[in-house]
Amino acid sequence: MGKYTRKFNELNSGDRPLVGGKCASLGEMVQAGLPVPDGFAVTVDAYEDYRDASDLRQQLLRIVLGADAQNNASLQQAHDEAVDLILGRELPAAIEQEIRETYLQLSRETAQRRGTGDPDRVPVAVRSSATDEDGDAASFAGQQETYLWVVGEDDVIAKVRECWASLYTPQAIAYRSGMSAVDASEASKISVAVQLMAHADVAGVTFTVSPRTGDRSVIAINASWGLGQSVVSGEVTPDEYWLNKIGPTLTKTRIASKAQEYVPAPGGVGVEFRDVDEARRDVACLTEPEVMQLADIALRVEKHYGCPQDIEWALEHDADGTPKVMLLQSRPETNWKKRKEEKSKNTTTATSNLLGFVAAATKGSTK
């Protein structure tokens, strides 16, 4: 590996400034012996050197700082200009060559290990990994792009650039438009994960704390057919499995009608959102042993990080039907934390208002 790519097995959580939150977490889990699909990070240095190879950094800052955060049309225009710049500028040869070579090495080693497939066209996921993402203080999941079933070195290069461009959504531009030039530039650092696709029959998320109540004695699993994009995006209502961590023990199951799923597109590149066949819609997508396997791995992840986790996973099945869990991401669980903070804020505001009312009433009664 050179300056612009780093294999997951070379990374850990301390590498966030170099490879962003997602890639650092993937590397940390690999180091901990957890099941993670192989892959590599395109480092922050790749995007930084790309911006500095021309006047791209200055042009992007001009666009961001010149946008009107209160005007949707201005933000959309800024977004369009930024994307055109990033996708239109030539990628320095050294950066492009290293990404291509590292993908081809991953692809060829994987095809040889599996004994099947085109050695130069093994499918991968190309996933944004911003430096301000997946931390304990805040979770920015879904703010930048992810591309699934990307095949071949040309497509990998194209999707890496599109991940970079996804830093400039109208929402992100509005957030940065009020910053100084230095702060806006620092807030625009990004790495990209290139990771072997999990051949998911089922996928979803696991919380090692109740996302509803904050109860740390439970595990909550959401699962649906196909790739996990449908669960993370909220496009389907997933099955729910609730467990007590002691054991762990399955305590409650709710089976949803799962009408649609994301699967690989027929041509083998990209994905499609299709209807689930009637026979599978209303049945559990996980068996109890599979639920227990997910729970056991979730407890290992939580123990390693030392705090409640929000874990994305995929479940593959070997040719003999043996289930195999693959971890795609883990980050500190922040949904309940945000709800608790908001509740505390509302309580503080209500208390302040009540004290103000009492003070006014008392003052009035002494006149």
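These legends describe close-up views of a predicted model.

**View 1. The second largest pocket and its lining.** About 240 Å³ of space lies in this pocket. Its lining has 13 residues. Arg114, His199, Glu316, Lys324 and Met326 lie nearest the centre of the pocket. Three elements each supply at least two lining residues: helix 5 (93-114), strand 12 (309-317) and strand 13 (323-332). By type, the lining divides into six charged, five nonpolar and two polar residues.

**View 2. A salt bridge between aspartate 49 and lysine 3.** The whole structure holds 23 salt bridges. In this one, the side chains meet at 2.8 Å, N to O. Aspartate 49 sits in helix 2 (residues 44-52), and lysine 3 sits in the segment before strand 1 (5-7), so the pair ties together parts that are 46 residues apart in sequence. Aspartate 49 is partly exposed, at 22% relative accessibility. Lysine 3 is also partly exposed, at 45%.

**View 3. Arginine 6 with glutamate 10.** These residues form a salt bridge, with their closest N and O atoms 3.4 Å apart. Arginine 6 is partly exposed, at 23% relative accessibility. Glutamate 10 counts as partly exposed too, at 34%.

**View 4. A salt-bridge network that includes arginine 57 and glutamate 48.** The side chains of arginine 57 and glutamate 48 meet at 2.9 Å, N to O. Buried means under 20% relative accessible area. Arginine 57 has 13%, so arginine 57 counts as buried. Glutamate 48 has 11%, so glutamate 48 is buried as well. The network links Glu48, Arg51, Asp52 and Arg57.

Technical notes: Residues are numbered from 1 along each chain as its sequence is written. This is a predicted model: local features need pLDDT of at least 70, side-chain atom pairs count only at pLDDT 80 or more; totals for chains, interfaces and linings use all residues. Side-chain values use heavy atoms; hydrogens and water are left out. On a 1 Å grid over the protein atoms alone, a cavity is a set of points where a 1.4 Å probe fits but cannot get out, and a pocket is an open set with protein on both sides within 12 Å along at least five of seven lines; lining residues have an atom within 4 Å of a point. Grid points are joined across faces, edges and corners, and a volume is the space filled by probe spheres set on the points. Helices (H or I, at least four residues) and strands (E, at least two) are DSSP runs, numbered from the N terminus. Ala, Val, Leu, Ile, Met, Phe, Trp, Tyr, Cys and Pro count as nonpolar, Asp, Glu, Lys and Arg as charged, and the others, Gly among them, as polar. A salt bridge is a side-chain nitrogen of Lys or Arg within 4 Å of a carboxyl oxygen of Asp or Glu. Buried means under 20% relative accessible area, exposed over 50%, partly exposed in between (1.4 Å probe, protein chains only).
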